[in-house]
Amino acid sequence: VLLLDAGDSSERSAWESSITKGRANFFMLEAMGYDASTVGNGETFQWGLGALAKLVESVHFPVLAANLFAMDSNQPPVPGLKSHAIFEIEKLKIAVVGITVDEPSAYSRFGYRNEFAADVLRDLIPRLGEAQVIILLSHLGFGYQTDEEYEQHHPKDSPRARILGDRQIAKAVPGIDVIVGGHSHTLLNEMRCVGDTVIVQAGDYGKFLGRLDLEIDSDRVKAIHYQVIPCDENVPPDPTLSGML
């Protein structure tokens, strides 16, 4: 089992999050056993590079964002932030790649350089040949339901034509088996398939946990079950998390 977070666990309006600049939220993710998280605009647009560096340093699981760079180099903007992580389960290698929302002008104000997700992924995915499964942990948003709707809001001659959602990324970048999405607060009660890529997203504010079961053999990855599980008053409090809070 891999437990993954698609970004924006931080929320300035929550006192605990604001006063620790997101670290309280990441402590909770670590206590819950998360294996990886990407950063969302909630982590990157609010407190700047110094806070993000402390956030990444505060946990032991990999924090991912392949399309964020230092302003003057192709290095990560803060130490420890990674483009991807490789997990080995029995003899199976799974690559989890992190991507965050494309907003170049917004990032530059906070000291980051943002390269468009599709360009970064087209370069990175072919270099992950050791992995039998590639999961994209995306904070791009689900995207428009149809190509026509997307093109209406992103004309080809517009700078925003290169800003893609999960649905468009699945079409534009070969080799991605699963996209676990965030940012758009979309609750997908059923998995969506675009070509060979499965897309899932479990809503917002911790109301649901998404579960996706995969069947994997030597040459294919097949999604065999997906559900969203309510996290409501029927779920008993966890003593460790209650103590942390």
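Modeller: Keep in mind that this is a predicted model. Let us start with Asp-217, whose relative accessibility is 37%.

Biologist: Why is Asp-217 called partly exposed?

Modeller: Buried means under 20%, and exposed means over 50%. Asp-217 has 37%, so it counts as partly exposed.

Biologist: What makes the pair of Asp-217 and Arg-220 a salt bridge?

Modeller: The closest N and O atoms are 3.1 Å apart. The cut-off is 4 Å, so the pair qualifies. Arg-220 is partly exposed too, at 41%. Glu-215 joins Asp-217 and Arg-220 in a network of salt bridges.

Biologist: How do you know that Arg-122 and Asp-119 form a salt bridge?

Modeller: Their N to O distance is 3.3 Å. That is within 4 Å, so the label holds.

Biologist: Why are Arg-122 and Asp-119 separated by about one helical turn?

Modeller: Because they sit three residues apart in helix H6, residues 117-124. Arg-122 has a relative accessible area of 40%, and Asp-119 has 32%. Both values fall between 20% and 50%, so both residues are partly exposed.

Biologist: What makes Glu-115 and Arg-113 a salt bridge?

Modeller: Their closest N and O atoms are 2.4 Å apart. The limit is 4 Å, so this pair counts. In total, the structure holds eight salt bridges.

Conventions. Residues numbered from 1 in each chain as written. Predicted model: local features only at pLDDT ≥ 70, side-chain atom pairs only at ≥ 80, totals over all residues. Heavy atoms only, no water. Salt bridge = Lys/Arg side-chain N within 4 Å of Asp/Glu carboxyl O. Helix = DSSP H or I, 4+ residues; strand = E, 2+ residues; numbered from the N terminus. Buried < 20%, exposed > 50% of the residue type's maximum accessible area, 1.4 Å probe, protein only.
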